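Trainee: I would like a close look at a single part of this model. Please take me through it step by step.

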Amino acid sequence: MLESAPNHAASPVSAGARALALSPPPMVQVRGLKMYFPIYTGLLQRRSGEVKAVDGLSFDIPAGQTLGLVGESGCGKSTCGRAMLRLYEPTAGQVIINGQEVSAAPAKLLRQLRPAMQMVFQDPQASLNPRMTVASIIGEPLLEHTRLSRAEQSERIDELLDQVGLNRNFANRYPHEFSGGQRQRIGIARALALNPKFIVCDEPIAALDVSIQAQVVNLLEGLQQRLGLTYLFISHDLSMVRHIANRVAVMYLGRIVELADRDALYASPHHPYSQALLSAVPEPDPQTEARRQRIVLTGDVPSPARPPQGCAFSTRCPQAMPHCRVTAPVLSEIEPGRQVACHLYTHQAASALVKVAH
């Protein structure tokens with residue numbers, strides 16, 4: 001009796017699928033994150049509405065990489081970072097950091113998860129207690145979350161000061177005795193105290209002089225390479241985001257309108273808002289700057305308390321169609337690694353499918 005040879009081609013598995021199955025899960029996974037702030041009016045302070053600061057964000061950040069989050073002031077960038085770390089209680093959505101769901105964790109479990117996720121705040125002066133010495137500020141997380149002896153804490157503080165490029169003799173000084181860049185280094189040292197996996201950098205260079213900004217960004221990059229950190233880097237400075245980020249998400253009125261690899265986004269932005277945003281970045285070459293055409297948007301940013309119907313950008317978009325003012329576009333993948341929320345590309349994709357079908 002003859003036995004048939006096994007058919008290895010019956011269920012072929014592509015190399016890409018095998019690689020995807022073997023690849024580790026992202027360090028950070030965000031699904032449908034919403035952060036609404038209630039509005040109370042009248043004598044009885046009844047709830048009359050809500051500010052949709054973050055309205056359904058979804059993205060991943062692989063371990064050891066940086067996602068840049070950019071957009072106009074008031075679009076919800078900082079609120080997104082704070083909601084991810086539960087500094088604000090999210091209205092809805094799921095946030096998973098280092099394999100642990102943060103968004104629904106009870107208070108006791110959340111405290112145990114805090115060491116893995118930290119934040120560097122925008123204003124270094126406001127984020128440091130003026131009545132505490134540098135040693136006390138950096139040592140406070142060690143005091144709350146570890147059982148290190150006083151000598152071990154002191155040794156760890158000295159080690160952290162070395163990592164951020166500060167003299168160990170500064171440990172007994174107060175925040176007002178430092179420059180803005182040095183204060184931000186203290187904030188970074190505090191964030192590193194518990195060996196986190198993920199750090200939200202909430203515009204860490206916005207309050208610093210231009211000469212100091214590059215030093216802080218280089219410090220963050222060096223720490224990422226040595227410690228394997230994962231960053232969410234929130235910033236207005238598009239040139240700095242281009243320097244540090246692996247992928248970039250563009251936000252407008254609480255939503256992501258485009259998410260792509262850094263080089264692809266800066267070379268060819270697809271969403272009309274991304275195009276306008278990047279057209280405002282000055283070019284160092286005078287000849288290129290002279291030929292560059294700036295896209296100037298008209299009108300004001302709508303209120304997040306009363307967003308327009310359909311696409312939130314339709315009131316300012318130079319390419320808006322009637323359909324844009326009725327139906328909100330969904331963030332969809334239009335090519336490998338690039339997601340765009342725009343009807344211009346959903347219509348193109350639909351037309352391409354019709355042509356293929358015929």
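Which residues have the most contacts inside the largest nonpolar core? Please follow one of them into its helix.

Mentor: This is a predicted model. The largest nonpolar core holds 59 residues. Those with the most contacts inside it are Ile138, Ile186, Ile188, Leu192, Leu220, Phe233 and Tyr273. A separate core has 32 residues, including Met27, Met35, Met117 and Met251.

Take Leu220. Leaving aside residues up to four places away in sequence, Leu220 touches Ile188, Cys201, Pro204, Tyr231, Phe233 and Ile244. Two of these partners, Ile188 and Phe233, are themselves on the list of residues with the most core contacts.

Leu220 is one of the buried residues of helix α7. An α-helix has 3.6 residues a turn, so residues three or four places apart point the same way.

Now the geometry. Helix α7 covers residues 210-227, 18 residues in total. At 1.5 Å a residue it should span 26 Å, and its end C-alpha atoms are 26 Å apart, so the two agree. After α7 comes Gly228, with a positive phi near 70 degrees.

Last, the wider setting. The protein chain has 12 helices and 12 strands. Of its 358 residues, 43% are buried. Among contacts between residues at least 6 apart in sequence, 64% join residues at least 24 apart.

Note on methods
Residues numbered from 1 in each chain as written. Predicted model: local features only at pLDDT ≥ 70, side-chain atom pairs only at ≥ 80, totals over all residues. Heavy atoms only, no water. Helix = DSSP H or I, 4+ residues; strand = E, 2+ residues; numbered from the N terminus. Expected span 1.5 Å × (residues − 1). Buried < 20%, exposed > 50% of the residue type's maximum accessible area, 1.4 Å probe, protein only. Core = buried A, V, L, I, M, F, W, Y, C linked by side-chain atoms within 4.5 Å. Contact = heavy atoms within 4.5 Å.
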